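Please open the model in your viewer, with the ligand and the protein chain as separate selections. The tour below begins at the ligand shell, goes on to the chain as a whole, and ends with a series of individual residues.

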Amino acid sequence: MAVNTLKYPKVQNFINGEFTRNGHKAMDVHSPLDGSVLSTLPLSSNKDLEQAVAAAQKAFPAWSALTIKERVQIFYRYRTLVEQNLDELAALVSEENGKTIGEATAEVAKSIELTEFACSLPQIITGEILEVSQGVECRTTHAPLGVVACISPFNFPHMVPHWTVPNAIALGNCVILKPSELVPLSAVRMAEMLKEAGLPDGVFNIVHGDKEIVEAICDHPAIEAVSFVGSTRVAKIVYKRATANLKRCVALGGAKNHLLVLPDAHVEMTATNIAASMSGCAGQRCMAASAMVGVGKIDHIVARLCEVARDIKVGESLGSVISKEAKERIERYITEAEAAGAKVLVDGRNATVAGKEGGYYVGTTIIDYVTPDMAIAKEEVFGPVLAIIRSDDLDEAIAIENSSNYGNAAAVFTQSGGLARYVMERASAGMIGVNIGVPVPREPFSFGGWNESKFGVGDITGKSSLAFWSKIKKTTTKWNPDAFTNWMS
Ligand code: NAD
């Protein structure tokens, strides 16, 4: 690919506040909307990581010596920059990831909310103090870890790095980000804006690349902690490798989210919520509705759901999936389920968009009478596809949900508070929705699943993440020599 045909400048690593040409191989960056080549990115090596680690180590003493109130000033300025450039950032997210402009705008808005949470940290990380014995005080303070790394997936190029980077930096760490090689462009803008907001050189660094650089991060002795978001297959690899090298690790994996629909559910609210959940971001959300378990007589709800799903138009309110391979994988799941006896009610296979024939599109697809043993009922499809499994009673539906290896989200649709609570208490997932198809806990609540949807202790955002990005120091003091003493003092 000749340089002058690229829409964006070649992507470069960001080390010590500068974009640098490195990486021992290069790879094209495509827009899944039309298949065009947007840029190229470097596939970094261990040598590149060494430079990033050295820059982060050099920046750490001065950065961590600031008070947290001083550190978060950067994020007040950064937040304003993101807001001022929201339209441009959303267009970039849409271009590299394939989601619609509306979805991309919501993604960047969520990045703003995550940045605001980092700004609020001085208010919530105040530590504790108690007179534990006569004249003796014990107090806790949060200390940063040092150099930490964040590895992100393709499906939220702007938001997922904001799950971790602002909190980690605000708490005094220096960060190395490894974005998905499929969507590196939003991270470039993040680096530019953090620099413009005044972040000192070396506090935030980016190394681009694939498997090789992730393995180097997991092995590097100077990296104290690794956060990972991606598929369960890779989450397991990263979690094992990072912890075997004695690092802290939290690794979020894939999902298979079950939505239990009861016959008394509000028809319109249920149909619109489920259609939005399964089709939003072309089903490429770890919180997407993937399996609907209908309890008893729910044909009236399925009928309305299909009407709503048919109104979601590819190329308008439904974006592309990430790649040709993803499109083929998703369509294969549909075809195999059909061959196994499931009924395709809404068929999104072979979708195209006029003028964007090189793009990768799958229309909304609803498949009824899927049985729990089918691959489409058990595996993560990661496309705009909803498998409907029929069950006779609520306990059977809960058992189907509980049998999943995953456990990111689950939801129940009903107008009965008692039945909703029955499901809330028994669902085996970290995030539960009642009459909500995408039950993302917003800040300051934390985000994280159960089972094979997350490895490690604690969640990745919100208050729960603060323990991950810091270590607690317990200091006990006594100043008065005349104070009463006992065995504890
Ligand atoms: P992925 O696992 O393929 O890639 C994630 C990251 O791992 C990328 O940066 C990639 O370069 C790297 N990687 C890929 N293969 C590797 C290997 N063999 N060894 C080491 N590193 C490797 O995931 P993806 O396709 O980019 O993202 C989609 C997946 O992410 C879905 O499964 C989705 O459910 C999941 N996801 C989960 C959450 C959550 O909160 N649980 C959020 C977003 C996405």
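Begin by selecting helix H8 (211–219) and strand E10 (223–229), each of which supplies at least two residues of the shell around the ligand; helices (H or I, at least four residues) and strands (E, at least two) are DSSP runs, numbered from the N terminus. Before going further, note that this is a predicted model, in which local features need pLDDT of at least 70 and side-chain atom pairs count only at pLDDT 80 or more, while totals for chains, interfaces and linings use all residues. Residues are numbered from 1 along each chain as its sequence is written, and side-chain values use heavy atoms, with hydrogens and water left out.

**The ligand shell**

The ligand is surrounded by 27 residues, and the closest are Lys178, Glu181, Ser231, Gly253 and Glu380. Colouring the shell by class gives 14 nonpolar, nine polar and four charged residues; here Ala, Val, Leu, Ile, Met, Phe, Trp, Tyr, Cys and Pro count as nonpolar, Asp, Glu, Lys and Arg as charged, and the others, Gly among them, as polar.

At Ser231, an N or O atom of the side chain is 2.6 Å from an oxygen atom of the ligand, whereas at Ser152 a backbone N or O atom lies 2.8 Å from a ligand oxygen atom. Of the 840 Å² of accessible area that the ligand has on its own, the protein covers 90%, with areas computed by the Shrake-Rupley method with a 1.4 Å probe.

**The chain as a whole**

Zoom out and show the cartoon, in which the secondary structure comes to 16 helices and 20 strands. The C-alpha trace spans about 80 × 65 × 40 Å along its principal axes. The chain has a radius of gyration of 24 Å, which agrees with the value near 23 Å that a compact globule of 489 residues would have; the radius is taken over C-alpha atoms, and the globule rule is 2.2 Å times the number of residues to the power 0.38. Of the 489 residues, 57% count as buried, where buried means under 20% relative accessible area, exposed over 50%, and partly exposed in between (1.4 Å probe, protein chains only).

**Backbone geometry**

Most residues other than glycine have a negative phi, and most peptide bonds are trans. With that in mind, select Glu443 and Pro444, which are joined by a cis peptide bond with omega of about 10°; Pro444 is in the loop between strand E18 (431–434) and strand E19 (454–455).

Asn435 is found in the loop between E18 and E19, and has a positive phi of about 60° although it is not a glycine; with a relative accessible area of 17%, Asn435 is buried.

Select His266, in the loop between strand E12 (257–261) and H10. Is His266 buried or partly exposed? At a relative accessible area of 36%, His266 is partly exposed, and a polar atom of its side chain lies 3.1 Å from the backbone nitrogen of Met269.

In helix H10 itself, select Thr270, which is buried with a relative accessible area of 0%; the C-alpha atoms of Thr270 and Arg304, 34 residues apart along the chain, are separated by 9.1 Å.

Finish at Ser404, in the loop between helix H14 (394–402) and strand E17 (409–413). Ser404 counts as buried at 14% relative accessibility, and its side chain reaches the backbone nitrogen of Tyr406 at 3.1 Å.

Terms used. Near = heavy atom within 4 Å. Polar contact = N/O pair within 3.5 Å; in protein donor to acceptor, adjacent residues only side chain to side chain.
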